[in-house]
Amino acid sequence: MERCSECPEDQWSNERRDACIPRPLDFLSYEDTLGLSLVIINLFFCSVTVVVLGIFIKHKNTSIVKANNQNLSYILLLSLFFSFLCPLLFIGRPTRMSCLLRQVTFGIIFSLAVSSILAKTVTVVLAFRAIQPGRTMRQWLGRHLSTLLLITGTIVEVVICAFWLCFSPPFPDYNTEIEVGKIILQCNEGSANAFYLSIGYIGFLSMFSFIVAFLARKLPDTFNEAQYITFSMLVFCSVWISFIPAYLSTKGKYMVAVEIFSITSSSAGLLGCIFIPKCYIILMRPELNIKSNLIFKQQ
């Protein structure tokens with residue numbers, strides 16, 4: 001007791017309390033069962049997204065693909081593909097580069113995905129709500145409005161992330177207080193306000209998309225895409241509403257796993273609710289995917 005000395009922060013005393021030994025580093029790695037499972041799940045959904053994109057490209061001249069804004073569907077599928085790859089930045093030993101990229105990449109990709117959904121829905125609403133629209137109005141709606149919504153919705157998230165990286169960027173951090181005898185290697189988000197502002201903006205976009213899609217669910221959309229978008233945004237919002245308390249109540253690598261699970265499940269909800277019914281019609285019910293049936297359904 002008279003000659004007691006404290007171990008450094010990166011070390012811990014042994015069982016006999018007569019020497020200091022290094023603390024083991026703990027982070028969500030590819031060797032962990034949890035980390036490996038998350039990688040396999042996300043790669044599986046990546047392959048599913050590629051298959052769906054291939055189906056849409058192969059059947060690009062069919063009625064169902066043309067009727068649901070072909071270009072926005074491609075953008076949404078590509079953003080979902082990258083959103084399934086995004087969790088790979090969260091797994092592995094945190095470095096300065098991975099800490100800088102992972103939240104920014106996630107925010108921009110998700111804002112692009114939700115903005116494309118919002119653009120699809122708003123275009124449908126305005127097209128059906130317009131009172132006797134002329135040729136010029138229809139052309140403007142088709143060519144410019146969706147692009148404007150897509151760019152505007154994404155550029156706001158880009159600006160938020162740019163300010164975040166300039167003034168208080170994330171960095172790798174060693175935490176010795178979460179677990180006794182371990183060093184938790186994690187990414188410190190830098191500015192908590194910027195992190196929640198980024199998440200909150202995506203939440204705002206998703207809630208707005210859900211409201212617009214809910215109002216448009218009974219419009220005479222050819223393949224009821226507004227109904228699919230409504231349900232998909234309901235799943236998306238439910239996942240991220242439950243994410244906040246779950247994220248705040250976990251520590252260490254399980255906090256990272258919660259965010260990865262939220263990213264994967266919300267992306268899978270968008271993919272499954274919006275595109276799987278269309279793929280079913282294209283592959284299993286081709287008799288419904290013809291223009292004459294489309295006109296009959298509208299009538």
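**Cysteine links in a predicted model**

A search of the whole structure finds 2 disulfides, where a disulfide is a pair of cysteine sulfur atoms within 2.5 Å. A disulfide is a covalent bond between the sulfur atoms of two cysteines. This is a predicted model, in which local features need pLDDT of at least 70 and side-chain atom pairs count only at pLDDT 80 or more, while totals for chains, interfaces and linings use all residues. Residues are numbered from 1 along each chain as its sequence is written, and side-chain values use heavy atoms, leaving out hydrogens and water.

**The link between Cys7 and Cys20**

- Cys7 is joined to Cys20 by a disulfide, with an S to S distance of 2.1 Å.
- The pair ties together parts that are 13 residues apart in sequence, because Cys7 lies in the segment before strand S1 (11-13) and Cys20 in strand S2 (residues 20-22).
- Helices (H or I, at least four residues) and strands (E, at least two) are DSSP runs, numbered from the N terminus.
- This disulfide is left-handed because the torsion about the S-S bond of Cys7 and Cys20 is about -90°.
- Cys20 counts as partly exposed, at 35% relative accessibility.
- For these words, buried means under 20% relative accessible area, exposed over 50%, and partly exposed in between (1.4 Å probe, protein chains only).

**The link between Cys99 and Cys187**

- Another disulfide joins Cys99 to Cys187, with 1.9 Å from S to S.
- Cys99 sits in helix H4 (residues 96-129) and Cys187 in strand S5 (residues 183-188), so this pair ties together parts that are 88 residues apart in sequence.
- The link of Cys99 and Cys187 is left-handed, with -80° about the S-S bond.
- Are these two cysteines, Cys99 and Cys187, buried or exposed? Both are buried.

**Pairing order and other cysteines**

- With the bonded cysteines of the protein numbered in sequence order, the pairing reads 1-2, 3-4.
- Cys4 is in no disulfide, and the nearest cysteine sulfur, that of Cys7, is 8.6 Å away.
- Cys4 counts as exposed, at 70% relative accessibility.
- Cys166 is exposed too, with a relative accessible area of 63%.

**A look at Glu9**

- Glu9 is found in the segment before S1, and Glu9 is exposed, with a relative accessible area of 62%.
- Which residues does Glu9 touch, not counting residues up to four places away in sequence? Glu9 touches Arg23, Thr176 and Ile183, where contact means heavy atoms within 4.5 Å.
- Glu9 and Pro22 are 13 residues apart along the chain, and their C-alpha atoms are separated by 9.2 Å.
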